Amino acid sequence: MSEDARRVQRPARNPYLFRPISFRTVESRNRIMMSPMCQYSAQDGMPNDWHFGHIAARAAGGVGILCIEATHVSDIGRITPHCLGIWNDEQRDALARIASHVASLGAVPMIQLAHAGRKASVSQPWKGTKPIPVGDGGWEAIGPSPLPQTPQSPPPRAMSQADIDRVVEEFRDAARRSREAGFRIVEVHAAHGYLIHSFLSPLSNHRTDSHGGSLENRARLLNQVIDAVRSEWPAELPLFVRISATDWVEGGLDLPAAIALSRMLAQRGDVDLIDCSTGGVDHRQAIRPYPGYQVPFAEAIRREVGIATGAVGLISAPEQAEEILAGGRADLVILGRVLLYDPHWALHAANRLRADHVVWPVQYERSNIF
Ligand SMILES: Cc1cc2nc3c(=O)[nH]c(=O)nc-3n(C[C@H](O)[C@H](O)[C@H](O)COP(=O)(O)O)c2cc1C
């Protein structure tokens, strides 16, 4: 069928999914963000050809904002010995090549900065996520309190004030290197049971000093990290925060706490979006996932706090993504596994939703016939 005939039969629409959106001075060509997804394939924290090809494919596939996987601020902050890092200049320079290629493909390069805390020093998922002992390539994990992640994990070392100060400085240095590498959005990983979340949750934080007790105290590390990141991250560039909006365990973080936390972050004035994930801090979590199961958290935080939110979790159908945006339930849809399944999801969704203005890479134009 000729291009003209196709247009006559299927008039173009202007779906929300493919409308540009801006955060500070950064404009994304659409409202699709690729969720950070660890590849557990680095050596010494360095990205390699796997990362380059994997990321390039999704940028060419049309996402608006491309967030690279959790990139750790120190060697002991990695989940596995094969996680990415940005604690030295060599890593920065290798990441710069990726960020520049993402930008050349029309997507916004974004980096997630992370510290694994007590979930550190485990094997890759395909090797069972088993604790790696010190002396066997592993290291001593740190956390707010000496409480193990699972009954099988060794307890982390409870962090001293000097440990906390060091981690804050590591985030500051990582933010500077992220800027130097050419990323345009930075996300602070405060979800999934990793270091910052383990301070936020009363299930994992039993401290009695200024970092324990009230939500304000438990959020102190997050606020100090954001202060440090912002000291190196220009005011014209956006900063997102990923939170776990519930721990799915009685006595843990829940939606009211997530709303209070998001309000605290919104009042700072330098956080641009809350990326609303859930869970990960406690092995007793009882989650029943269904398509879009975390969207209600993004929706409630957006409505109650008035800050932009991103919805993530089992979003895979273009119509479902469109409904989330058109219904005012979130500002971005954040896609994970579906982009591993189909790197060109965004281009396919544009066809499906009749967003005919979406431009394909010229090299692939001849494939747009289905
Ligand atoms: C292979 C894999 C790696 C992941 N790595 C990260 C990560 O680095 N940082 C993060 O915040 N979430 C990570 N996640 C969670 C995803 O970003 C996303 O929140 C989750 O998979 C739910 O979205 P989905 O149903 O669209 O996949 C990972 C998920 C997968 C499947």
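Let me begin with a definition: a charge sits over a ring if NZ of Lys or CZ of Arg is within 6 Å of the ring centre and within 35 degrees of the ring normal. By that rule Arg97 lies over the face of Phe52, at 4.0 Å from the ring centre, and the charged end of Lys119 sits over the ring of Tyr194, 4.7 Å from its centre.

Before going further, a word on what we are looking at. This is a predicted model, in which local features need pLDDT of at least 70 and side-chain atom pairs count only at pLDDT 80 or more, while totals for chains, interfaces and linings use all residues. Residues are numbered from 1 along each chain as its sequence is written, and side-chain values use heavy atoms, with hydrogens and water left out.

I would like to start with strand β11, residues 273-277; here, helices (H or I, at least four residues) and strands (E, at least two) are DSSP runs, numbered from the N terminus. How many of the residues of β11 are buried? Five of its five residues are buried, and the strand is mostly covered, where buried means under 20% relative accessible area, exposed means over 50%, and partly exposed is in between, with a 1.4 Å probe and protein chains only. Leu273, Asp275 and Ser277 point one way from the strand, while Ile274 and Cys276 point the other way, and all are buried.

Now to the strands that pair with β11, with the reminder that two strands pair if DSSP finds at least two bridges between them. Strand β10, residues 239-244, pairs with β11 in the parallel sense over five bridges, and Leu273 in β11 is the bridge partner of Phe240. Strand β12, residues 309-312, also runs parallel to β11 and is joined to it by three bridges, with Thr309 in β12 standing opposite Ile274.

How are these strands connected? β10, helix α8 (residues 255-268) and β11 make a right-handed β-α-β unit, and β11, helix α9 (residues 295-305) and β12 make a right-handed β-α-β unit as well. For anyone who wants the convention, a crossover is right-handed if, with the strands pointing away from the viewer, the path from the first strand over the helix to the second runs clockwise.

Helix α8 deserves a moment of its own. With 14 residues, α8 reaches 20 Å from its first C-alpha to its last, close to the 20 Å expected at 1.5 Å a residue, the expected span being 1.5 Å times one less than the number of residues. Its buried residues include Ala257, Ile259, Leu261 and Leu265, and what covers the buried residues of α8 includes β10, β11 and α9, along with α7 (220-232). Just after the helix, Gly269 takes a positive phi of about 85°.

Gly252 is found in the loop between β10 and α8, and with a relative accessible area of 15% this glycine is buried. Leaving aside neighbours within four places in sequence, Gly252 is in contact with Pro202, Leu203 and Asp247, contact meaning heavy atoms within 4.5 Å. The C-alpha atoms of Gly252 and Gln285 are separated by 9.8 Å, although the two residues are 33 residues apart along the chain.

Let me turn to the aromatic rings. Rings of Phe, Tyr and Trp (its six-membered ring) pair if their centres lie within 6.5 Å, and planes under 30 degrees apart count as stacked, over 60 as edge-to-face and the rest as tilted. A search of the whole structure finds four aromatic pairs. One of them joins Tyr40 and Trp126, whose ring centres are 6.0 Å apart and whose planes stand at 80°, so the pair is edge-to-face. Why does this pair tie together parts that are 86 residues apart in sequence? Because Tyr40 lies in the loop between β3 (32-34) and α2, and Trp126 in the loop between β6 (108-114) and β7 (142-143). Tyr40 counts as buried at 17% relative accessibility, whereas Trp126, at 56%, counts as exposed.

Finally, two backbone details. Asp44, in the loop between β3 and α2, has a phi near 55°, a positive value in a residue other than glycine, and with a relative accessible area of 57% Asp44 is exposed. His192 has a positive phi of about 60° although it is not a glycine, and His192 lies in the loop between β9 (185-190) and α5.
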